[in-house]
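Work through the exercises below with the sequence and structure in view. Try each task before reading its solution.

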Amino acid sequence: MENGNILDLLHKAVEKGENLGVNFIEARYDDLNLTTINYTNEIIKQSSSLSRKGIGIMAYYQGTPGYSYTPELTLEGVKEATIRAAKLAKSTDSRNKIKLDFDSIPTIKEKIEVKVKKHPKDFEFADKLDMLKRGVTAVKEQLEVTTTIGLYGEIYGEKYLVNSEGTELYWVPLMVDIRMGGVVISEGKQSQGFTGWGASTGLEFFEEKETTPEITGTNAGTYCKEQLEAVAAPSGKTKTLVSPQMGGVVVHESFGHLSEADFVVTGQSPIADRVGEELGSEHVTIIDEGVSPYGGLYLPYDDQGIKTGRTVLLEKGILKGYLHNRGTAKKMNSELTGNSRAINFMFNPIVRMKNTYFEKGDLTFEEAVEHVNTGVYAVDMSGGQVGLDGNFMFNCSRGYLIENGEVTKPIKNTALSGNILELLKYVEGGTKEVTIKTGYFGGCGKGGQGGLPVGFGGPDMIMDKVLVGGAQ
Amino acid sequence: MTLNEIRDKILHIADQTIKYARDLNIPAAEAYVYNLSNTNLTDNKGKIDSRDGLIQGIGLRVAIGKQVGFASCTGFEKETIKSTLKHAHSIANVSPKNPMFNGFVAGTNVAKEGILDPEILQLDSDSMIETCNLMSQEIDLSDRRLVSISYGVNFSYGGYAVATTEGCLASSLVTTYAANSFSVVTEAGDRKTAGDFVQGREIKPVEGISSNGLKKALNSLGSKAFGGSEVLPTVWEPRESAAFLAFSFINCVSGSSYVEKSNPWGDKLDQQVAVKELTLIDDGQNPESEAGRAIDTEGSPKQTTTVIDNGILKTFLFDKMFGEAADKATTGNASRGGFFGGIPYENVPNVEPNKLLIKEVGKNLDQQISEINKGILLTGTPIGLFTSNQITGDFGITTNDAFLIEKGEVVHPLKNISIAGNYFETLNDIRTIGSDREVSGWPIDAPAITYNKHTISD
C-alpha cells in the first residue's frame, strides 16, 4: 500500500472517531516483516517469513480508552474498527474510576529512516542460513554435542501514527539477532550452553569482533563444555557479582516493572507514592532510555508518538520517578517519558520499558572480584520471573565461583532469588563499563504482549545477600 | 456472522489457497487459515482497558520434495495470499532438504469436535461490564488490608481450517470464555496476592471468584520467616501442582525433542520414570476443554494418548513429521503458537501436549496435609518454574505463597522461601497423588500431590 493511502486511511479513522463523539483518536499502522530460522541439528526445523500488517485504533472518551484492530486495510474495515473502539471506550466509561485523559502537545510531523550498511532485506535467506552454519561448526569444534541449535531472527518494517492533534509519524524498526547453542545428553551427563545477542542494526553486527557467528558458536560450545565439569552452587545468601546481562535482567524484571506507572496509579506497585524515598544504596542509579549511548534497542518514539528520552528512575538510591504513557503522566503530574508501547497492531499500547540499565560505577573488574572475595559470579541467565511484591527468581545458566578474590570453577544451573527492594540496599558497587544487550529472541512480556524487544544492561554489579538456591 | 458461516468461510479460503498454489505450479502446499474474534476487558482497581478485534491470517507451508518453506500473512486478501505463497515457495527453493519431511497430511479425517456455545457470539462490552459488576459486588472495599483488586473477562469465537494439496480439507471451531479476579492485600508490612478464575468453552457463572481469591490472599497474611535451610516434604494444591509439573512435562513428553535427542527421557521408553501410582494422559478429545478439537493444526484427527502408565513411559507425543521420523504415527499433537503464546498462523506445527491429565488416585489435599509431621504447603504458583533446566531437571524456585505444616496441621503462612530439587528424582519420590484434580490454566491438570523431599531455604 502506498504511503499516502495509509496516511489517508489513518486520517479517515481519526475523523470518523471524532464524529462518534470520543475525545481523542490514535490510529496506528504496522507493516512488519519477521524472519526466523531455527537450525537444529543442521536441519531447518523452522524457517518462517511473516508479514504482520494491520491497523489499530485507540479511542479515548473522557479518559477511558477503547481499542480495536483490523487486518482489513480498507476504508470499510478501518471505519468498523473505529466504531468498535469508540463503543468500547464509551460503554466502559461508567465503570472506569481512573480516568487517564491527557493534555494537548504540539503536532509532530516526522519521518525517521535508519541507515545501515547491510539491511537484512537486501540479503538472501541463504546468506542468513550460512551464518548459522558457520556458528554450528564453531560449536562442534569445542566438544562432541548431542544437539546443536542455531537461531536467526530479524524484524524490520514501517510504523505510522496519526492522531487527533494532527501528528503524522513514520519510523522504521529494525533488529537482527543470532543465538547458538549446544546440548550434551550422554552416559548420565547432561549440559547445555546457549548464547548470542541482537542489535538494532544491519547484518554488519555479525562482522564485529565479539558477535561473529564463529565467536558466538565458540562461546556456546565452551559454556556447554564447562557445564560438564560444573560444581554445585553454594546455597544461601551469598555475595554475588552480576554481569551486565544478568544485572540488566534483574533491573528490568524486578525494578523496571514496578516503576511502570500503570501499576503505580492503581496502587499495585510496592513503590507507588514513594518518590523521594531511599530505596537503594548510593551505588544504585537506574536509567530507562530510548536511544542510549551504550547501544541496545533503538527506539526514537513510543506508540503514542512521544519522543523517547532518558528517564532517571533511581538516583544514588533515591526514587526519582516512574515510566509513563500520556495518561499516567498527567495523572501524576509528571514529565512525558515515551514508554507507551505495543507489540503489534493487535494490541493497545501499554506502559513498557525501553533500554533499562544500572549506571556505571567506579571499579575495575578485578577490583570488583576482589571485593566479593568469596561468592558467585552470575554471568548469564535463562529466564526469570517476578511478582508484584518485588520478589524475583532468575535462573543463572552460567556462573562461576569466586574464591579468594578470583573467579574459579563454573557452577551448575542455580536459582538466584530475593526481593528487589531489599536487594537494592545491598548493592556495594559497580564497574566502569556499561553494556546494554537487546535482541529479537526473548523480549519482555506484559499484558499478553510477549516478546517486545527491549534493552537491558549495566556494568558488573556487586550485590550482597542474594539468595542462591541449590538442592542439598 | 454465525459459527457455521465462519466455518464455511475458512474452509473456502483454505480451499481457494490450495487452488492458487496449483495455479502457481507449486508442487505441494498446506494452508492453515485462522480466524478468531477476541474481546478482552480488564478492570485494575477501577482502571478499565478494553480491546477487541479479529485475529485473521494464513500460514503457508510449501514443499519441493523435502525442501520446505514457510511464510504467513495477515488477512485473507487474494493478492496477498498469492504473494505469500510465492514467498514460501522461494524459501523452500533455497532451503536444505529436511530428511524428516515426508509430505503434508493426506485426505480428510476428523475426530470429535468440542462444545460450541453460540451465546458467546452475543456477548459485548456491556455484558463484560455486567460480569465485572457481579464479581465486584462480592468484595468489601472498606477492608483496609485490600490494596487492590482486579477483574478480567475474555471471550472469543472462531477457528481454523487446514487444506493440503494431498486432499486434506478440514476445520475446527471453538468458543471460549474466561473470567478472573486477582487481589493484593497487605498488613503490618506483609504483602500477599491471590486470585481465582473460571474458563471453558461455554459461558460460566462467576459467583465466588473474587471472594475466593481475596479470602485466599487474606489468609496468607501474618507470615513468618522459615529460618534456615531444611529438606522437607512439600504438599501442592491442585493448580499449583499442575504449574509445578507443566514446564518439565512439556519437554519430556515431546516426540520432537525425542527425535532431536534433547529429551532427557529419550532412552526411557518402557522404563519407569515416576512412581507407579502416576498415570499421565494427553486428552485432545475432552469436549469441555479448549484442547478438545476435531483436528490438530496440520489436519490430523486429535486423540487421547496414555503417555505414562503406572509410572512407565509408554510413548511420546508426535505430529506427522516427528512421528514418521520415529517410526510412529502422529498422536494429533501438532500445535502452532502453543501454550507460550504467539499468533497461531505465524507458526509452523510443533509438538505440544493437548491437555495432560494426571489420573486421580487416593487422598484429597486435607488428607495429605494431615499425614505430614513437618512440611510445606504450596498455595500459589512459585516464581521461576519456567526457568528450570529441562535437560538436567534441576529446579530452584521461590514463593511467597506457602504455609508451614506441623503435626498434620497448617500452622502459619511463610515469608518468601526457595524450593530446590530435581524433577526426575522427585517424580520417583512422590508420597501421595491426590483425588481432587482441578482445571488449571496450564497445559496439565493435576490433583494435589505430596513429594517426599525438597530443599527449603530462606
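**Exercise 1.** Count the residue pairs in polar contact between chain B and chain A, then find which element of chain B gives the most to that side.

*Solution.* The model is predicted. Start with the count: 27 residue pairs are in polar contact between chain B and chain A, both residues at pLDDT 80 or more. Next, look at the elements. On the side of chain B that touches chain A, strand β2 (residues 47-64) of chain B gives the most, with 10 residues. Then sort that side by class: 35 polar, 30 nonpolar and 14 charged residues.

**Exercise 2.** State how many residues each chain brings to the contact and how much area is buried.

*Solution.* Chain A brings 71 residues and chain B brings 79. Between them the two chains bury about 6,100 Å². Carbon and sulfur atoms hold 55% of that area.

**Exercise 3.** Describe how strand β3 of chain A is joined to β2(B).

*Solution.* Strand β3 (residues 64-70) of chain A is joined to β2(B) by 3 bridges. The two strands run parallel. For one position, take A:S68, which stands opposite B:D52 in β2(B).

**Exercise 4.** Count the aromatic pairs, then classify A:Y294 with A:Y357.

*Solution.* Over all chains the count is 27 aromatic pairs. The ring centres of A:Y294 and A:Y357 are 5.4 Å apart, and their planes stand at 80 degrees, so this pair is edge-to-face. Now place the residues. A:Y294 lies in the loop between β10 (286-289) and β11 (310-315) of chain A, while A:Y357 lies in strand β15 (residues 355-358) of chain A, so the pair ties together parts 63 residues apart in sequence.

**Exercise 5.** Give the strand order of the open sheet of 5 strands in chain B and identify its edges.

*Solution.* The order is β10-β9-β8-β13-β20, with mixed pairing. β10 (312-313) and β20 (444-445) of chain B each have a single partner strand, so one side of each is left without a neighbour in the sheet. Inspect one pairing: 4 bridges join strand β8 (residues 280-283) of chain B to strand β9 (residues 304-309) of chain B, and these run antiparallel. B:I281 stands opposite B:T306 in β9(B).

Technical notes. Residues numbered from 1 in each chain as written. Chains lettered and ligands numbered in written order. Predicted model: local features only at pLDDT ≥ 70, side-chain atom pairs only at ≥ 80, totals over all residues. Heavy atoms only, no water. Contact = heavy atoms within 4.5 Å. Buried area = accessible area lost by both parts, 1.4 Å probe. Polar contact = N/O pair within 3.5 Å; in protein donor to acceptor, adjacent residues only side chain to side chain. Nonpolar A, V, L, I, M, F, W, Y, C, P; charged D, E, K, R; others polar. Pairing = 2+ DSSP bridges. Phe/Tyr/Trp six-rings, centres within 6.5 Å; stacked < 30°, edge-to-face > 60°.
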